[in-house]
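Here is a briefing on one protein model. Please look over the sequence and the structure before reading the points below.

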Amino acid sequence: MADFTIKQLLTATGGTLVAPSGFGDPVIHGLTIDTRALTPGMAYVAIRGETFDGHQFIPDAMAKGALLSVSDTDVPYPHIRVENTVLAYQNVAKLHRERFDLPVVCITGSVGKTTTKEMVKAVLETTFCTHATVGNLNNQTGVPTTVLQLNKQHQVSVMELGTNHFGEIDAIARVAEPTICLFTNIGEAHIEFFGSREGIFRGKTEMLNHLRPNGAVIANGDDDLLRTIPNAITYGLSEGVSMRAVQIEERGLEGVSFLAEGFSKRLLVTLQVAGKHMVQNALAALCVAHLLNVSDDDALRALAAFRPGAGRAGVLHTGRFTIIDGSYNCNPTSMEAALDVLKTASGRKVCIFGDMLELGPDAPAFHARIGEYARRCGVDRMLTVGALAKNAAFDPKDAYDSVDALLNDLPALLSDGDTILVKASFGMHLNTVVDAIKNL
């Protein structure tokens, strides 16, 4: 638990204490933006979101034992009045980060951030007490929430940084203060807000503004933009990178193996996750392991045992079907990589594809491109959900307006032995389709 005095909170936030006389300077036992996570003695930070206003939960927070709230308006409870509660929350987290002198690996990119973060975490856990982003807490409030969970037992931290607008990575990297900046790739995710891949590159590399002195940069050397970062340790399949994969052997849905060459090493890596794209994630983890002196044997064992989280392209066997569950998120790059995995399956290949969001005015063309790619990958049936994804449908009758409409027809659309890829942006809720297939 991150403890603070009132004086420390006021200094960090630049706020004003509004409280009865005699309130004193009690120790605040942590901050939270979620009343469900609140325990007595904490401070509650009221965040104004797109769909809710945290200020309405201040009475509930006080009833649960909060000592005070952090608010951008006056409320009839002890509170620290600030102009911007998100910035205040970030500033308190930054204060907490500065209490620690430990390696912090910050990971960003268009695709593969979470899987790479989990691989790096798995490798580092063999040697260190490792702190890491839980789930996908990678945004303006998620990163400070993660930082505030650091404690004195931790020896290393792995954090994921996400963005869909300029300035966001700059803000959260200021809080995280990386000692290692790791970049996965620059694709088309969120291109609606960045305008181009070059814009995405500028947004992602804001992280470099806050790299601590004597820190290191790790970048995907197969990416035409990332390989331009000066003095970076590079990884990939290309010649000339610092850590290169050669002799790649794909084993269909069962995984992939390869030789990793670099840093005067030649390592046989075996992964039980499918897809050539997973090779790059593993190479990134090996680069971190090298920098932080994790033994090769420990790193290789961790990678061999690695399994992706729910919705992250893990392979599920139900008895009737094989499911490639990519329902957590989707963009053109990750969708094509998932189709590359699907094409290795035996039997009938079915793709259930939902809208990819935040792609801007070219979104219909991006979805049509996926349909063409699916045909080249030998997909037998393309079922789509949403107004954009219908551009990828092979047959108009297989284009559904909603998840519910698809679910009504689903039993008649699938056959025993099918391998089914399910993938869309998170907002399409195709995880319900995965659950439905499991229950058929």
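Is T35 buried or exposed? T35 is buried, with a relative accessible area of 10%; buried means under 20% and exposed over 50%, with partly exposed in between (1.4 Å probe, protein chains only). This is a predicted model: local features need pLDDT of at least 70, side-chain atom pairs count only at pLDDT 80 or more, and totals for chains, interfaces and linings use all residues. Residues are numbered from 1 along each chain as its sequence is written, and side-chain values use heavy atoms, without hydrogens and water.

**Surroundings of T35**
- T35 sits in the loop between β4 (31–32) and β5 (43–45). Strands (E, at least two residues) and helices (H or I, at least four) are DSSP runs, numbered from the N terminus.
- Beyond its neighbours within four places in sequence, T35 contacts Y44, F57, D60, A61 and K64. Contact means heavy atoms within 4.5 Å.

**Helix α10 (296–305)**
- A299, L300, A302 and L303 are buried. They lie on the same side of α10, because they cover an arc of only 160° around the axis, taken from the directions from the helix axis to the C-beta atoms.
- D297, R301 and A305 are exposed on the other side.
- The cover over the buried residues includes α4 (113–124), β16 (265–271) and α9 (277–291).

- Strand β15 (256–262) has six of its seven residues buried, so it is largely enclosed by the rest of the structure.
- β14 (243–250) pairs with β15 in the antiparallel sense over six bridges; pairing requires at least two DSSP bridges between two strands. The bridge partner of E249 is S257 in β15.
- Five residues separate β14 and β15 in their hairpin, and G252 in the turn has a positive phi of about 60°.
- β15 and β16 are also antiparallel, over seven bridges. F258 stands opposite V269 in β16.
- The hairpin of β15 and β16 has two residues between the strands, and F263 takes a positive phi near 55°.

**Six-stranded open sheet**
- The strand order is β17-β18-β22-β19-β20-β21, with mixed pairing. β17 (314–317) and β21 (399–400) are the edges; each has a single partner strand, so one side of each lacks a neighbour in the sheet.
- β17 and β18 (322–326) pair in the antiparallel sense over four bridges. V315 stands opposite I324 in β18.
- Helix α11 (332–342) packs on the sheet, touching β18, β19 (349–354) and β22 (419–423). The direction of α11 makes about 170° with that of β22; axes are lines fitted to C-alpha atoms, for helices over the stretch in contact, and angles run from 0 to 180 degrees between N-to-C directions.
- Helix α13 (403–413) packs on the sheet, touching β19, β20 (381–385) and β21, at about 155° to β20 in direction.
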